Amino acid sequence: MSQGPRSGLAAVSSALLAMSRHLEVRDVLKTIVASARELLDAQYAALGVPDDHGGFAQFVVDGVSDEQWKAIGPLPRQHGILAAMLQDARPERLADVRKDPRFEGWPAAHPDMSDFLGLPIRDGDEIIGALFLANKNCVKPEGSCGFTEKDEELLSILAQHAAIALTNARLYERSRELTIAEERSRLAHELHDAVSQKLFSLRLTAQAAAALVDRDPSRAKGELQVVARLAAEAADELRAAVVELRPAALDEDGLVATLRTQIQVLDRAHSARVTFESSGFRALPAAQEEALLRVAQEALHNALRHSDAKHVEVTLARRACGAVLRVTDDGNGFEPQSVRRAGRHLGLVSMRDRADGVGGALTVESAPGKGTTIEMEVPGG
């Protein structure tokens, strides 16, 4: 991640901007560590976020390869120098960490470290992490520390801003958790008010049909038709309520990565081949990306469950300032007008509503035996 030393106000500003750019806690931690290592020109940097059980909830390193990190083994415990920084809340600058009386060794695969600079990251009176560097890239006279007092001051500034960035990231994640909880609560109420009442009516109608089967079969048949209609309506309302929840993956990974992951899962789960291609796509406002994702999910559901397709192809591409989504299958196809007249929408109404809701347009091309293509175009932000 690091690319050598940088100095001056511009380097510090760049590091602070990089920290503030991320919202996920893990990304913030990685940026802090990489920025500290680069600014102070050290071989190694690490940041640990303590838990309440003597260990670390998160521990991020820079300057250690993935292979080395795996070989080192489990995360460190809060002991030695690390414990001192977390408990005493003061900087530690050492010429040779191995000679400090608090040093308790490290695993065999751990890189060898000598000069050391570490300090706590504080949010008010709370210590929320420990940031430390080792092996300054400079000439070090015998018995002296490569890290200077100015290095300590610079790292202190970085740690103060790191505390702000880390706190903001935690607040963001907490806010997202609360939003998801609120959405689940809303969904529960909607399910209770709409679907549960429909299911109650369905049960009563089914009981009436059962009572009429022997003495009045024609009336029983009519009641069973009502049962089928109520069941279809309940299923539609259930789906409408569920799909209102915005998936966390879309916020975290973006539309392209979310679609690719979901399509890979569908490809493994179904006998049909399901593929995805994306070209030139640029991030769009959240509402438009969610609408594209929901339409893709609905179209995929139809193709895989109803069309007997052998191949379903999903493409997402840039068009002008916006984007176009296309889901094509080689399945049975259908006559759109006949489906509409029969009252079987196959989700087409909800897909059109989603496209209209974000200023987009939905087109459906299909014919019996000719497969189906559903295309949705949305404008840019």
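Is cysteine 321 buried or exposed? It counts as exposed, because its relative accessibility is 57%; buried means under 20% relative accessible area, exposed over 50%, and partly exposed in between, with a 1.4 Å probe and protein chains only.

Some ground rules. This is a predicted model, where local features need pLDDT of at least 70, side-chain atom pairs count only at pLDDT 80 or more, and totals for chains, interfaces and linings use all residues. Residues are numbered from 1 along each chain as its sequence is written, and side-chain values use heavy atoms, leaving out hydrogens and water.

Back to the cysteines. The structure has 0 disulfides, a disulfide being a pair of cysteine sulfur atoms within 2.5 Å. For cysteine 138, the nearest cysteine sulfur belongs to cysteine 145, 8.1 Å away. Cysteine 138 counts as partly exposed because its relative accessibility is 34%.

Now the whole chain. Of its 381 residues, 39% are buried. The protein chain contains 10 helices and 10 strands; these are DSSP runs, H or I of at least four residues for helices and E of at least two for strands, numbered from the N terminus.

H8 is mostly covered, with 15 of its 21 residues buried. Just after H8, aspartate 308 has a positive phi of about 60°.
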